[in-house]
Amino acid sequence: MASKVKISWRLHWLQRKSSVADAASLQKLDNDAFLDAVYLKYLGRNIDPTGKSFYLQRVQSSRGRQRVIQALQNSVEGQAYNQRQKIFLHYWIGKKENNILQRLT
């Protein structure tokens, strides 16, 4: 049980650290590059032409970037991608912990 708590804490820390750094760098991008980046970050794929034209209009409005990010995060595709990322991070962190423990014993 303690191992799961450690893994959850590390997973939360890694996600939090990367989201803070990414948020600052995303704001520096122009609208096209911003959309390319958020699609990769929140959906794990390149943006398609339909998505680009749809979200480009929304990005240009006030608070548009925040709303685009929220829309992508809350979409079915975004939630599924986030879940896959969590599973991968749990696996990766667990594997690293096991490797370290094996070296110590």
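This is a predicted model: local features need pLDDT of at least 70, side-chain atom pairs count only at pLDDT 80 or more; totals for chains, interfaces and linings use all residues.
A residue counts as buried when its relative accessible area is under 20%. An α-helix has 3.6 residues a turn, so residues three or four places apart point the same way.

The length of α2 agrees with expectation. At 1.5 Å a residue, its 13 residues should span 18 Å, and the end C-alpha atoms lie 17 Å apart. At the start of the helix, a side-chain oxygen of D30 comes within 3.3 Å of the backbone nitrogen of D32. G44 follows α2 and has a positive phi, near 75 degrees.

Three salt bridges are present. D36 pairs with K52 at 2.9 Å, N to O. D36 belongs to α2 and K52 to helix α3 (residues 49–59), so this contact ties together parts 16 residues apart in sequence. D36 is partly exposed, at 31% relative accessible area. K52 is also partly exposed, at 22%.

R45, D48 and E77 form a network of salt bridges. The R45–D48 distance is 3.1 Å, N to O. The E77–R45 distance is 2.5 Å, N to O. The latter pair links distant parts of the chain, with E77 in helix α5 and R45 in the loop between α2 and α3, 32 residues apart. Relative accessible areas are 29% for R45, 25% for D48 and 36% for E77.

Helix α5 (residues 76–104) also contains W92. W92 is partly exposed, at 41%. Together, F88, Y91 and W92 make a nonpolar surface patch of about 360 Å².

Key: Residues are numbered from 1 along each chain as its sequence is written. Side-chain values use heavy atoms; hydrogens and water are left out. Patches are made of residues with over 30% relative accessible area and no salt bridge: like charges are joined within 9 Å, nonpolar side chains (Val, Leu, Ile, Met, Phe, Trp, Tyr) within 5 Å. Accessible areas come from the Shrake-Rupley method with a 1.4 Å probe; for residues, only the protein chains shown count as cover. A salt bridge is a side-chain nitrogen of Lys or Arg within 4 Å of a carboxyl oxygen of Asp or Glu. Helices (H or I, at least four residues) and strands (E, at least two) are DSSP runs, numbered from the N terminus. Buried means under 20% relative accessible area, exposed over 50%, partly exposed in between (1.4 Å probe, protein chains only). The expected span of a helix is 1.5 Å times one less than its number of residues. A polar contact is a pair of N or O atoms within 3.5 Å; within protein, one must be able to donate a hydrogen and the other to accept it, and residues adjacent in sequence count only if both atoms are side-chain atoms.
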